[in-house]
Amino acid sequence: MTAYDPDNIFAKILRGEIPSTRVYEDDETLAFMDIMPRADGHLLVIPKTPCRNVLDATSDQLAAVMSTVQKLARAAKAAFDADGVTIQQFNEAAGGQEVFHLHFHVLPRFEGVSMRPPGNMGDFDLIAEHAEKIRAALD
Ligand code: AMP
């Protein structure tokens, strides 16, 4: 497998070299808003330590990230009074991965409402508003 690239965009977010809209963090994980949200409240959860994806992650990294994914999925569902939550995760380019630092997508969902197409930049103020709603819904 290709080596972890410490200059990937999420590594830069972790180091504070590029901005992000953070919603939650603990010692091992960080959750922040996706800049191209495919649903209102679309966020990403990553480990603070390096790994490309599920294929090279340790069980400790996976356990920490999944615990935060569950916490944020519950908060996002409550914040938007959503009907459900989609959790997505991609491995390597052939698997749909574009940023090579392990991440899980968390997307609040409503009955009969499709996800928006990928690749469209979100409105910064709206994303900030959605982040605040999710923060407020955290335990
Ligand atoms: P994938 O690797 O296919 O799971 O997709 C990477 C995700 O990262 C996409 O949903 C992008 O919108 C998102 N993304 C890319 N750059 C940033 C960034 N600087 N801040 C937040 N999300 C980002």
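**Note on the ligand site and overall fold**

1. The residues of the shell around the ligand comprise 10 nonpolar, 4 polar and 2 charged ones. The structure under discussion is a predicted model, and the remarks below should be read accordingly.

2. In total, 16 residues surround the ligand. The closest of these are Asp34, Gly96, Glu98, His103 and His105.

3. As to where the shell comes from in the secondary structure, helix H1 (9-14) and strand S2 (29-33) each contribute at least two residues to the shell. Helix H1 provides the largest share, namely 3 residues.

4. Through its side chain, histidine 103 places an N or O atom 2.5 Å from an oxygen atom of the ligand. The backbone also takes part: an N or O atom of the glycine 96 backbone is 2.8 Å from a ligand oxygen atom, and for a backbone N or O atom of valine 99 the corresponding distance is 3.0 Å. On its own, the ligand has 510 Å² of accessible area, of which the protein covers 89%.

5. Which pocket holds the ligand? The ligand sits in the largest pocket.

6. Turning to the fold, the protein contains 3 helices and 5 strands. Read from the N terminus, the order of these elements is α-β-β-β-α-β-β-α.

7. The overall dimensions may be stated in two ways. The C-alpha trace of the protein spans about 40 × 30 × 25 Å along its principal axes. The radius of gyration is 14 Å, which agrees with a compact globule, because a globule of 139 residues would have a value near 14 Å.

Key
Residues numbered from 1 in each chain as written. Predicted model: local features only at pLDDT ≥ 70, side-chain atom pairs only at ≥ 80, totals over all residues. Heavy atoms only, no water. Near = heavy atom within 4 Å. Polar contact = N/O pair within 3.5 Å; in protein donor to acceptor, adjacent residues only side chain to side chain. Areas by Shrake-Rupley, 256 points an atom, 1.4 Å probe, with all protein chains shown as cover. 1 Å grid on protein atoms, 1.4 Å probe; cavity = no way out; pocket = protein on both sides within 12 Å on 5 of 7 lines; lining within 4 Å. Sits in = over half its atoms within 2 Å of the grid points. Helix = DSSP H or I, 4+ residues; strand = E, 2+ residues; numbered from the N terminus. Nonpolar A, V, L, I, M, F, W, Y, C, P; charged D, E, K, R; others polar. Rg over C-alpha atoms; globule rule 2.2 N^0.38 Å.
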